[in-house]
Each structure stands twice: as C-alpha cells, then as structure tokens.
Amino acid sequence: MSIPAQTSTLDPLAVLRGLASLRKLAGSYPAGHPMIAQKLRELDEVIAGLLRSGSPVRIDVIRGDVFLDGVTSTSDHHANQQLLSQLSALGVDSIHIHDGVQRGELLAVAEFLWQYTESSDSMAAQLAARNVQHISLGRLLPLDTRWRAQQWADAPTGPLDPDYAESLMMAQKTWEDTASGKPLDVVTVRDLVQLLIYKVARSNAALGQILAVKQYENLTYCHSVNVAMLSLLLGKQVGLDESTLAALVEAALLHDVGKTQIPLEIVRKPGALDKSERRMIEAHTTLGAEILIQTEGLQPLTPVVALEHHRGVKGTGYPDLGNAIPNPMSQIVSVADIYEAITGARTYQAPTPPDRACLILARMAGEKLNTGLVKTFVNAITFFPIGSLVRTNRNELGLVVQTNQREPLHPVLALVDEDTYKPTRQVDTSERESSGGYARHIMQSLPAPDGLDLRVFLEAA
Ligand SMILES: [Fe+2]
Ligand SMILES: [Fe+2]
C-alpha cells in the first residue's frame, strides 16, 4: 500500500495525531470496530514509512516542541497545541517505536493511554504486561507552561558548601544593586570569579549541589553562579588556558545580567508569555550586552556572550544577527545554560534529573548546540553526576560519590538509610558478578528529599 503523502515530510505529528485519535476511538468504540481498524491501518502505514529509514522512530516533546530523532519538527506547533496538551496531560512526552512493531502493539498502547492512571508500576512495566515490546513511552518533562504553578523556596535550602554559599550571596547583592539602577560592581564580579575558580570549583560538595537538580526557584543570581561553574567545568575539559577560563567564568556569570532590567513578574511568570512579554524576555540579551559594554574593566568577550547565548550554532535563535555563528565562548555558555535551566526548578517547571537533562542536550546537539561541546559536557558530568540520588535495581537508595571515568553509567554510591538519611556503606556499581554481568544497575535518578545533607556523604567519600 502506498504511503500517505504526509509521511514523505517525516512529520512526527502524524504519529502523535494518529495515536491520539486511536486512543480516543479505542476508548469510545468496542474492540474490533471498523473505525478502530481503519485508524490502526493508517497509523501503521505512517510508522512503516518512518521506520523505512532503518532506525527507530524517536519522537520527543521538549518544551512544547516536537522532535523527530532529535530534530525539531517543521510543522506549525501552534495548530497542534491541543494535541500536545492532550498527550502532556497523559504524562507522555516521548514515544520510541522500533522496527518490528505490530498493529496489536499500537492498539495496546492506545488503550493503555486511554486507561492509564498513576500506579506504582512503571509505564514500562505496564506496557510489558500488555505485551508491548517495540514501543516505549516516556514520562512528561513537566516543562509545560500550562502546568499548575508550583511554589518553590526562593533560594537553595539545606546546608550549602560555605564557598558556594558565599558566592551566591555576592551574586545576589550584585544583581540586586544592578536591578536597582546602580552600575555593575566590577570589583565584586572579579572577586566572585576568583572565588568560583579557586574555591568553589575545588569543592566536590559544591559541584554536587550545582549538578544535581535544584529544588528551589532558581532565580537569576543562582542560575548565573551555577552556569559560571558549569562553563568552567566544560572550559577545562576542552583545554582552555587559565586566563581564557577566567574570561569565560566572568562572561558566564554575567550572561543573563540583562534580566535585572526586566520585571521579576515576567521573568517568573508561570503561564505562556504573550508576544510583547516574550519580546521583553528576549531583550535580556541585548540589554545585558548594553550594560556590559558600558561597564569598564570587563573582558572584551563578556558582552558578546550576553548577546549571543540564545543563538544556535546554525545561526538560529535570538536576537536576530543574520547567519552569524556564535563565538566559541558563547557556545560553551549555551550548553551550561540549558543544562542548568532544565535541572533547575521554575514556577512553571519541576527540575529534570541530570540523566534526562543530558538526553535533552544530546537532542539539541548539531542544531542548536555544538555537538563536540555537548559530548564533552555529558562525558564530564556523566549521566549520574556526583551528588545525584539514584535507585538501583536492588531497590537501594544511593548517592553518587564518585564517577567511573570508563563507565559513566556505573558510579560509586554511598547507600542511604531511608529512615535516617545517613550513609550506610559504599558500593561500586561497576563491579561485576561471577557471571560477568553487573551486580547493580542504576534504574532512575531521584530528587533529593528534604533532610538529606549531601555534605555528610560527599565529605566522607
Ligand atoms: Fe539567557
Ligand atoms: Fe541563562
């Protein structure tokens, strides 16, 4: 049978649309109804067309954009907002379909989506129980602005690494002063850069706190300090010399300084932004560059990074600067910025675990982000960075205290007593059993609960 015309454009929305209507039909008509059979046939054809390329079909909805195999769809998303919100409401943001998929599996997934309710079994387990082997569904990243607004603490809670805490305080004061119309305090900025490079970067506990998810409203000053540290991490990995690293940290620290000129209610606004609000937010790049150009004593690239950090490596993004490719420093800050933003909480967004965040970066590589930098960054922080809380296949709760360079998926854990949140013993998840298989796998990363003091674990490690 010929492939419907829309599949020639490889439109991932055709799959989503097909699945959404199949789900509705499966919920409204008895099994075997001709309408179900018809829809199933259509969907199967669309998927067969996509699978013909030889690789699995990977559809991901990231921040309301639909990606097919990591490439954003060219379709008009706004026209499909309703469909996306239906899927979002079901908690599905990623659908991966493998070669060999049967119509019965498509139907089982559609029925599952119709009946799905939160249960203690994972989605994967529930699909497996329905004999679905070629389709996997991922949970929604709650990044959607339609999501119910959350209230988060305004600043990191719990004991912080002292140098990190001091750097946050310095940044907060600098930002507040700038927001109130005072000139940017270059001396404090310089001190802050030194503090970050020579103290905070040497603290495992601080790095752990920066790399893990942030369960607080990640306001601009925290975000900026974190982005500076992550940029430093990446800059070191790509072998920048010391003076370039210092320039990079300064630029990263000040990349969002333009946000001090935008009303906080807009920066924190939970709902979708209208056109003029979006324009205002986007202006933080040019506003920042203007402030930084007028400030004497800064590095020459600092305003450039503020201007370019929302521009992609293919010349997309904002502000419109034609086809200009961002400076390598801006490209480094972009990677750190996006990782930090998605692992941080916002009024409208729960934080995303590091491994998920790495996946999102990987999907943006090549289009928006520099592929080499993304790879280096992901390798550097590993999928389970120090400080992340994970659960093993033996149902143990553990905190990553050491990463294994050669086996990024198998770090060393300090196991956590789930009643007291105290460390019990260390296990190396890269150890193998006599059969040759790993003794432990990490099943998922989890947000750190209140009362878990990272320092107790990391200082003991
Ligand atoms: Fe920004
Ligand atoms: Fe930013």
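Buried residues are those under 20% relative accessible area, exposed ones are over 50%, and partly exposed ones fall in between, with a 1.4 Å probe and protein chains only. The legends below describe a predicted model, in which local features need pLDDT of at least 70, side-chain atom pairs count only at pLDDT 80 or more, and totals for chains, interfaces and linings use all residues. Residues are numbered from 1 along each chain as its sequence is written, chains are lettered from A and ligands numbered from 1 in the order in which they are written, and side-chain values use heavy atoms, with hydrogens and water left out.

View 1. D177 forms a salt bridge with K182, the closest N and O atoms being 3.8 Å apart; the term stands for a side-chain nitrogen of Lys or Arg within 4 Å of a carboxyl oxygen of Asp or Glu. D177 counts as buried because its relative accessibility is 18%, whereas K182, at 48%, counts as partly exposed. Through salt bridges that share partners, K173, D177 and K182 are joined into one network. By this rule the model has 10 salt bridges.

View 2. The side chains of E42 and K39 meet in a salt bridge with an N to O distance of 3.1 Å. Both residues belong to helix α2 (residues 34–51), where they are 3 residues apart, about one turn of the helix; helices (H or I, at least four residues) and strands (E, at least two) are taken as DSSP runs, numbered from the N terminus. An α-helix has 3.6 residues a turn, so residues three or four places apart point the same way. E42 counts as partly exposed at 31% relative accessibility, and K39 counts as partly exposed at 21%.

**View 3. Site of the iron ion (ligand 1).** The protein donors of the iron ion (ligand 1) are D256 (OD), H284 (NE2), H309 (NE2) and H310 (NE2), lying 2.1 to 2.2 Å from it. Donors are N, O and S atoms within 2.8 Å of the metal (3.2 Å for Na, K and Ca), and since water is not among the atoms, sites may look incomplete. Along the chain these donors follow the spacing D-x27-H-x24-H-H. The site is irregular, with angles of 82 to 172° among its 4 donor atoms. Four donors count as tetrahedral if all angles lie between 85 and 135 degrees; four count as square planar and six as octahedral if opposite donors are over 155 degrees apart and all others between 65 and 115; anything else is irregular. H284 lies in helix α13 (residues 284–294) and H309 in the loop between α14 (301–308) and α15 (328–342), so the pair ties together parts that are 25 residues apart in sequence. H284 counts as buried at 1% relative accessibility, and H309 counts as buried at 2%.

View 4. H223 (NE2), H255 (NE2), D256 (OD) and D337 (OD) coordinate the iron ion (ligand 2) at 2.2 to 2.3 Å. The angles subtended by these 4 donor atoms run from 75 to 167°, which makes the arrangement irregular, and the donor residues are spaced H-x31-H-D-x80-D in sequence. D256 bridges the iron ion (ligand 2) and the iron ion (ligand 1), which lie 3.4 Å apart. H223 is buried, with a relative accessible area of 3%, and D337 counts as buried at 6% relative accessibility. D256 also forms a salt bridge with K259, the closest N and O atoms being 3.7 Å apart, and both of these residues are buried.

**View 5. Helix α16 and the residue after it.** Helix α16 (residues 354–364) is mostly covered, with 8 of its 11 residues buried. The buried residues are P354, D355, A357, C358, I360, L361, R363 and M364. α16 is followed by G366, which has a positive phi, near 95°.

**View 6. Strand β11 at Q426.** Q426 is found in strand β11 (residues 423–428) and counts as partly exposed at 45% relative accessibility. Q426 and A414 are 12 residues apart in sequence, while their C-alpha atoms are 4.3 Å apart in space.
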